[in-house]
Amino acid sequence: MNGFGAVYRKELYSLFASPIFYVVAFTFLLISGYFFYSNIGYYNLVSFQASQDPLMARQLNLSEMVLRPFFLNVSVVLLLISPLLTMRLYAEERKIGTLDLLFTYPITDRAMVLAKFAAVMTAFVAILAGTLPGIVLLGNFSSLNWKAVFSCYLGMLLLGGAFLSLGTFTSSLTQNQIIAAVLSFGALLMFWIIGWIKSFIDPGLAGFVDYLSVTNHFDSFTKGVLDSRDLVYYLLFVLLFLFLTLRQMESYRWRG
Amino acid sequence: MIEAEGLSKFYGSLPAIRDVSFQVKVGEVVGFLGPNGAGKSTTMRILTCCMPPTAGVARIDGLDCLEQSLAVRQKVGYLPENVPLYLDLPVKRFLRFAASAKGVEARKIEGEIRRVMGICRLEKNAHRIIGHLSKGYRQRVGLAQALLNNPSVLILDEPSIGLDPTQIIEIRRLIGALRDEHTILLSSHILPEVAQICQRVLIINKGQIVATDTPSNLTSQLQKSAHVSLTVKGDPSAVIPHLEGLDGVEKVTGDAARPGRLLVESDRSRDLRPEIARVVVDQGADLLELKLMDMSLEDIFMQLVTEETSQEGAPS
């Protein structure tokens, strides 16, 4: 792993020194804060009504009514912001020519890809950590199922990993950051909605299409269900796109 | 130290270099000369493992640039054309990154950075952001990163392009100071510069090496005849027939713009200057000036690059 640490530290510095990170983090936390507030508010309203209706009171469930919708909402925001975190990774280096310089340093391509991915993952974790205080506060005032919370965050990390790995790949395709972001956003959205056609296509294909959908796999995490199939799906997703990035770097090198 | 054997590179179907072979010995400073687009940068990028060649082998210190790429990259410092740098990083942080990426041990990094900043005179700008530096300083930062980890080979692509005259002198002084410890290959299209700093010149044109030798040997080999210029007081027409009569003289031409000026072309095996002087004085004319004209590197370059015919006669 020659050069992993060096590239990782450099990427982190560039990320945290650039305004993009702060704008993205601010937007993400603002919107997710709004979602959190509205979900709690709704739960509050339902609780008041339930106080007069014992049948309804039995259906009250904090995990199901606050956590799950909150994380599903936040995953949409993640879809919007993750291309912004990854777009500059390779595109910027290609544009200003520093990638050529990196190629002449004794850094393996693999270390470079992993370091860049690890750096955006770190930034993502830092942003996601901003949602924790709200959850902890909620846990103080209610009996929160912490295992479900853990499952939600794990799902979030895996989903984020998948999104960022795809973004890393699209960034390596071009020297234009906007093109990288748009490609990444389009591909992510496609993975998001690909399951929608499952009810009216060939049943054999439907199963496959359903498996491809990123949201399906995320859904079970928000329910507090840890399924090895979902874990494998996300790990394969990340590995596939990091591998494609590696291949793309090799091809870029050969083309000169 | 640096070996290129039959290197070729195609961009798509477009050949950038074809069958380029040369060697650079330990401690040599070699200039790579050629017009824009001749393939200088392509060759250098292959030697620095930035990209693989389509055909041929490049070796640094006996190590194959393709097979033992990581080991080669440890030994080579590279200053790319136009000096691409991370514009958002401060100088010192960038050098720290470059040092650790190049595998300098963590506890030696600070000392190494201080050393290269000293060589390149960057101490005062250590904390400035690279994007805010002038072109000359960026060039120094580029050179500083190439020097990190003390590589035995330095490959510098157009180190003085885009600099003002004082900065050019400064960068030449720097390269001059580095020649004792490093084997240097530098490219340029500024001829006097190459003649000044390099012991040997490789001239490349249209992707092929057309000549390689020391600047002075190139001059003498390519010069088919010796040129002697002389200035005579008054009208020299009386002298011309006598000069033409001398053994070994091929041609005598006058200069319409400057009367009194004559150019004698002769066989280069012999120095005819004493005889020419004697003839002029014997004819009763006053000799004001007599000198042997050397072809400048510029003339050679033009001859090699522009004339198809001269390529055949050029040593390669």
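Author: What follows is a short chat about the chain contacts, the domains and a few residues.

Reader: Anything to know before we start?

Author: This is a predicted model, in which local features need pLDDT of at least 70 and side-chain atom pairs count only at pLDDT 80 or more, while totals for chains, interfaces and linings use all residues. Residues are numbered from 1 along each chain as its sequence is written, and chains are lettered from A and ligands numbered from 1 in the order in which they are written.

Reader: OK. How many residues of chain A are in contact with chain B?

Author: 25 residues of chain A are in contact with 26 residues of chain B. Contact here is a matter of C-beta atoms, placed from the backbone, lying within 7 Å.

Reader: Which helices of chain A supply that side?

Author: α1 (4-17), α6 (98-103) and α13 (228-255) of chain A each supply at least two residues. α1(A) gives the most, with 8 residues. Helices (H or I, at least four residues) and strands (E, at least two) are DSSP runs, numbered from the N terminus.

Reader: And what kinds of residue are on that side of chain A?

Author: There are 11 nonpolar, 10 polar and 4 charged residues on the side of chain A that touches chain B. Nonpolar covers Ala, Val, Leu, Ile, Met, Phe, Trp, Tyr, Cys and Pro; charged covers Asp, Glu, Lys and Arg; the others, Gly among them, are polar.

Reader: Switching to chain B. How is it divided?

Author: Into domain 1 (2-220) and domain 2 (224-293), with bounds from an automatic or database domain assignment. The C-alpha centres of the two domains of chain B lie 46 Å apart.

Reader: Where does Ile2(B) lie?

Author: Ile2(B) is in strand β1 (residues 2-11) of chain B. Leaving out residues up to four places away in sequence, Ile2(B) touches residues including Gln23(B), Leu47(B) and Val153(B).

Reader: Is Ile2(B) buried or exposed?

Author: Buried, because 22 other C-beta atoms lie within 10 Å. The cut-offs are 20 or more other C-beta atoms within 10 Å for buried and 12 or fewer for exposed, with partly exposed in between; C-beta atoms are placed from the backbone.

Reader: What about the phi of Cys49(B)?

Author: It is near 70 degrees, a positive value in a residue other than glycine. Cys49(B) is in the loop between α1 (40-47) and β4 (55-60) of chain B, and counts as buried with 26 C-beta neighbours inside 10 Å.

Reader: And Val83(B), what is its phi?

Author: Val83(B) is not a glycine, yet has a positive phi of about 45 degrees. The loop between β6 (76-79) and α3 (91-101) of chain B holds Val83(B).

Methods. Contact = placed C-beta atoms within 7 Å.
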